[in-house]
Amino acid sequence: LKWEGRMEELIEGQTGAFCDSVLAAFARAHELGFNSTGNTDHALSVVSLQERRVEVLGRMQHFRDQGGVLCDVADHLLVLGKRQAAAEYYTRARKVAEAHGFFS
């Protein structure tokens, strides 16, 4: 993406919420790129960006969002044919949900 080279500069020293917003915007742009072109490089970028969001959301204690992003990573891994890795992300999402009372 045209502005991706500046992403690190944008988020350096910023709050968790700002970092999450920037990472989410770039992940969404790559998702749209993948959906429109089928280029798996975009899907790999989504996985990488969303993994970073998982960390940021955990530090912010936004566990429901963190679980959703873990599932998003798993979905993209499935598209890439990485079933075992996807299963591990779904399991992580379930563990986050259980640890924070989202399942009874």
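Tutor: Helices here are DSSP runs of H or I with at least four residues, numbered from the N terminus. Glutamine 66 lies in helix H4. This is a predicted model, in which local features need pLDDT of at least 70 and side-chain atom pairs count only at pLDDT 80 or more, while totals for chains, interfaces and linings use all residues. Residues are numbered from 1 along each chain as its sequence is written, and side-chain values use heavy atoms, with hydrogens and water left out.

Glutamine 66 has a relative accessible area of 11%, and is therefore buried (under 20% relative accessible area, 1.4 Å probe, protein chains only). Apart from neighbours within four places in sequence, glutamine 66 is in contact (heavy atoms within 4.5 Å) with Val54, Leu57, Gly58 and Val96.

On one side, H4 (residues 63-79) packs with H3 (residues 40-60) at an angle of about 160°, their axes 9 Å apart. Axes are lines fitted to C-alpha atoms, for helices over the stretch in contact, and angles run from 0 to 180 degrees between N-to-C directions. H3 and H4 are therefore roughly antiparallel (angles over 145 degrees). Val54, Leu57 and Gly58 are among the H3 residues of this contact, and Gln66 is among those of H4.

H4 also packs with H5 (residues 83-99), at about 170° and with axes 8 Å apart; H4 and H5 are therefore roughly antiparallel too. Here the H4 residues include Gln66, Leu70 and Leu77, and those of H5 include Tyr89, Ala93 and Val96.

Methods:
Helices (H or I, at least four residues) and strands (E, at least two) are DSSP runs, numbered from the N terminus. Angles under 35 degrees count as roughly parallel, over 145 as roughly antiparallel, 65 to 115 as roughly perpendicular and the rest as oblique. Buried means under 20% relative accessible area, exposed over 50%, partly exposed in between (1.4 Å probe, protein chains only).
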